[in-house]
Amino acid sequence: MSRSGERVTITAYPDGPLLVRGAAQLQTVEGEPIEVTRGTVALCRCGLSTIKPFCDGTHKAAGFRTDV
């Protein structure tokens with residue numbers, strides 16, 4: 001969802017996170033808002049980040065690989 005009608009894009013970074021660009025509104029599975037302070041955020045896909053839902057780069061050391 002967009003906060004201001006601004007276009008939001010989500011790009012799967014090869015062997016890495018999902019890059020979310022734009023004024024996205026993120027929320028927990030319980031519906032609680034997650035504060036976003038940047039125009040681009042990286043969301044964890046490997047499941048190993050210590051700062052979920054955001055990426056902390058752990059995928060590199062873990063050897064995480066994707067098809068996309």
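Reply: In the hairpin of strand 1 and strand 2, five residues stand between the strands, and Asp 15 takes a positive phi near 55° there. Helices and strands are DSSP runs numbered from the N terminus, with at least four residues of H or I for a helix and at least two of E for a strand. Asp 15 belongs to the loop between strand 1 and strand 2, and its phi is a positive value in a residue other than glycine. Most residues other than glycine have a negative phi, and most peptide bonds are trans. With a relative accessibility of 27%, Asp 15 counts as partly exposed, a class that lies between buried, under 20% relative accessible area, and exposed, over 50%, as found with a 1.4 Å probe and protein chains only.

Before going further, please keep in mind that this is a predicted model, in which local features need pLDDT of at least 70 and side-chain atom pairs count only at pLDDT 80 or more, while totals for chains, interfaces and linings use all residues. Residues are numbered from 1 along each chain as its sequence is written, and side-chain values use heavy atoms, with hydrogens and water left out.

Taken together, three strands form an open sheet in the order 1-2-5, with antiparallel pairing. Strand 1 and strand 5 are the edge strands, each pairing on one side only, and the twist averages 20° from one strand to the next, with axes taken as lines fitted to C-alpha atoms (for helices over the stretch in contact) and angles running from 0 to 180 degrees between N-to-C directions.

In a regular strand the side chains alternate between the two faces of the sheet. In strand 5, Val 41 and Leu 43 form a covered face, whereas Thr 40 and Ala 42 form an uncovered one.

Ser 49 is buried, with a relative accessible area of 6%. A polar atom of the Ser 49 side chain lies 2.6 Å from the backbone oxygen of Phe 54, and a polar atom of that side chain lies 3.5 Å from the backbone nitrogen of Asp 56. The loop between strand 5 and helix 1 also holds Pro 53, and the peptide bond from Lys 52 to Pro 53 is cis, with omega near 10°.

As for the whole chain, there are one helix and five strands, which follow one another from the N terminus as β-β-β-β-β-α. Buried residues make up 22% of the 68 residues, and the C-alpha trace spans about 35 × 25 × 20 Å along its principal axes.

Note on methods
A polar contact is a pair of N or O atoms within 3.5 Å; within protein, one must be able to donate a hydrogen and the other to accept it, and residues adjacent in sequence count only if both atoms are side-chain atoms. Two strands pair if DSSP finds at least two bridges between them.
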